[in-house]
Every structure is written in C-alpha cells, then in structure tokens.
Amino acid sequence: MNTRFKLNIQLLDDYIKQSDLSKLEDKVRAIHQSLWNKTCKGHDFLGWLSLPFDAAEQLNRVKDLAAEIRDHSDGMVSIGIGGSYLGARAAIEFLAEPFAAKNVLFLGHHISGDYTDSLFSYIQDKDVYVNVISKSGGTTEPAVAFRLLRRVLSESCSEEELKRRIIATTDANKGILHDIAKAKGYRRFVIPDDVGGRFSVLTPVGLLPIAAAGFDIEQLLKGAQDMATLCKENDNVLENPALTYAAARYLLYEKGKKVEALSAFEPYFQYIGEWWKQLFGESEGKENKGIYPTSANLTTDLHSLGQYFQQGERVLFETFLTLDKTTSDTKIPEIEGDPDQLNFVAGQDLHAVNQKAYLGTKYAHYEGDLPNMTLSVPERNEYVLGQLFYFFEFAVAVSGLLLDVNPFNQPGVEAYKKNMFALLGKPGFEDRKQELDDKIKGES
C-alpha cells in the first residue's frame, strides 16, 4: 500500500539507532494487539479505530445537509471547542485557499466578547445555518455562544425558521444539548459514545463543517481507510510509519527530550498544528508524564523561536511537516545591476527557495543538538489529509500506551472548569467559590 507520505528519521541516528527501535518491537507489537483487541487502557474509547469505515452510515445525511447549506445560505457558524472544532478548522485551513471567502465560521472556542460581537455584526444581514457541537451540551464556552447566537437569530427568525437553520451534533440519548435539540425539533447528528472529542474529526463533528465548506469528505475517509488498513495489518515498528513515529518519540523522551515542536514550512499546516497539540497534549500529559507538544510556523518563527531552537535548553526534538508539491510557479526575477543583491536566486520559484530553507533549518538544528525527523506530505488534498489525521491518531494511542497512561481520557481538563463554575456562581459549587474568593482576596 502506498501511504502517500513519508517519515524520514535519518537525523535521529545520533540519538536512537535502528537497533533501539528493534528492541521495542515486542512492546510495540503487544500494544498494537491490545488496541485492536480492545484490551488496552481506555478501551471503552476506541471507536475511532474503525471510524473511517463506520462513518459511511451517516455519510449521505451529512453530504445532503452540507449541499443544502452551500446552495441555500451564505454559510454556517460552527460552535464548538477543543475536538469539537479543531479538526474541522484544521481541514478547512489546510484545503482552502488562504484568501478565498470561507463560508464556515467558528464560534464558542473561547469567551472573547469582542470576537463574538464582530461575528454577530458580520452575519447580521446574512442567511446562516448553525451547527452546535457538544456531546454533553454543558461545556461553558460553546453553551454560552449557542445561547447568544440563538438570541441574535431569533430577532429575525421564527421558531420554524430556527428549526430549519440549527443542527445539533451531540450524544445519541442524553445531555443538555440532546434534550434542547429534541424539544425544539432541531436536526441532529450523533457523536458516538466510544469516541472522545479529540478523535472525532471523522464523525459528523468534523465531516459536516468540512463538507459544508465544499470539500470531498468521501476522499477524506478513503485516505483514512487506507491508513487504518495499514496500521491494522502491519505491526512492524520499522515498517508502519505510525509505529515508527510513536516509538521514536518514546525513545527520545527516555533520553530527556521532553518537548516536541511540530514545525511546518507552509501556512496551510498552522491549524493541523493546533489540532495536533490538543491530540497529543490531552492524550499524553498525565501522571507527571508526557512530551509537551508545541508548534512553529516556519520560516516566520525562525526569526523568534528559532534562536531558542538553535541554542536554548536542549530538551527539544522536532518533527518537520513539509509539502512536496505546490501549485505555484512564481519565479524570482533577475534585476539588472542586482541592487538588492538577490540575483543569486533569480530564476528559482518560491517553493524551491522554501525547500532550501527547510533543508538549511533541518541541518542547522541537527548540528545544534536538536534531533529532528520529517513527515513529507505530497500535496494538499482530502485523501492525503485523511491519512494524516489517522496517522497521528494511531501514533498518539501507541505513544500514550508506551508511557503507560490512558491516552483516551482527560481528567486534568476538569480542574479549570470547576473553578470557573464556582467563580461564576453555578449551583453546587458554593464551597469552592468561598475557597477561591478567599484566595483572590489574599492576593489583593
């Protein structure tokens, strides 16, 4: 099977050898088996393993509604936070042209009043659908956004019109959003019980916004299906790129490399980096363990973070994301007299110059004791993106299990929520509110 992208780990040789990877073979193979047999930690949340194939059950409904949104409105506001928005946004930002008008807007991923007011002003004279995404409906940021947006729409829409425009993606049987949607008669899509938010991009959580933006979700699923087949059928740590990546990360971590930078040389990858940070941060950061995930947009960040990368604390390793093929053929012109002293690059296209920047960075960081590997993506399309999504999901599952943590829960995320609920006066949090009020007074 052609995986369509390549993982190059040659510049890890000074840190880990092929023999080191081979020594992990039995451990990785046992983890691989425990995932597919559903006996690993967190095995109740392994529905994402078969999602590329299972998603076909709701595919026609998703495609039909997405076509309705594109044909009969000015677009859609997608309300969600974390895994309920990052996958869709990553896909749209990766696939869309950067200056094309985007017909999918995002809300509910923070609590900025200025941003919210600006979005409401922007859609004031537009006909928009709303897709609110939350398994429980109780997450504060999207719940507040949904309440506000319903109020704004109700000023110009009847209840019947709201029923047409609002779509809820939520739990099949329970929860605040499920109950509201059922009572109001909103159209609904289901988030499977056994799929956590950060693994949900191949459910309607991600598929509806991606399709509403005009992209081919069948090809997205086809890419994911091919990668899923590879990940299931090949348990060789040296041949399955997802296993190689997971094992290499673990070995680097064991050698004191505690921070991974996902560094990309195309702005199309920016939100892939944001999605990746949530996927790896929530999956691995437990029990005082885990690699800290960060991302960099290059060459831009070489003029800021680049100094730290080159000469800062030697706790980092780097995974480069590169794009092999672009559509641009813009060449740098030659200028008589060479006033800006750039004729040495005259005749080269921008992609070639960008590739030289990547190679120069790759070897500079390597020589500065920053181990790195490269994931080469052949081109921007839905098929490749589907593979990339599944590749990272499978890799983080193996990586978390190598650390002996449950990669599929996120107990630490609840801490800030409880404090915020208490400070806002939510019933049931009175004791905690008093504790926090005392702490705040003590700081003043």
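1. How many disulfides does the count come to? The answer is 0 disulfides. Note that this is a predicted model.

2. Take Cys 231 as a worked case. The closest cysteine sulfur belongs to Cys 40, and the gap is 14 Å. A disulfide needs the two sulfur atoms within 2.5 Å, so the Cys 231 sulfur is too far from that of Cys 40 for a bond. Cys 231 is also buried, at a relative accessible area of 0%. Cys 157 counts as buried too, with 9% relative accessibility.

3. Now the largest nonpolar core. This core holds 100 residues. Those that touch the most other members are Leu 35, Trp 48, Ile 272, Phe 389, Tyr 390, Phe 392 and Phe 394. Helix α16 (residues 382-402) supplies the largest share of this core, 15 residues. A second core is separate and has 20 residues, including Leu 107, Phe 120, Ala 168 and Leu 177.

4. Look at Tyr 390 in detail. Neighbours within four places in sequence are set aside here. Tyr 390 then contacts Trp 36, Trp 48, Leu 49 and Pro 52, among others. Its contacts also include Ala 224, Met 227, Ala 228 and Cys 231.

5. Pro 209 deserves a separate point. This proline lies in helix α10 (residues 204-212). Pro 209 is buried, with 0% relative accessible area. Beyond residues up to four places away in sequence, Pro 209 touches Met 76, Ser 78, Ala 88, Ile 92, Val 104, Asn 131, Ile 133 and Pro 204. His 109 is 100 residues from Pro 209 along the chain, and their C-alpha atoms are separated by 15 Å.

Definitions and conventions. Residues are numbered from 1 along each chain as its sequence is written. This is a predicted model: local features need pLDDT of at least 70, side-chain atom pairs count only at pLDDT 80 or more; totals for chains, interfaces and linings use all residues. Side-chain values use heavy atoms; hydrogens and water are left out. Helices (H or I, at least four residues) and strands (E, at least two) are DSSP runs, numbered from the N terminus. Buried means under 20% relative accessible area, exposed over 50%, partly exposed in between (1.4 Å probe, protein chains only). Contact means heavy atoms within 4.5 Å. A nonpolar core is a set of buried Ala, Val, Leu, Ile, Met, Phe, Trp, Tyr and Cys residues joined through side-chain atoms within 4.5 Å.
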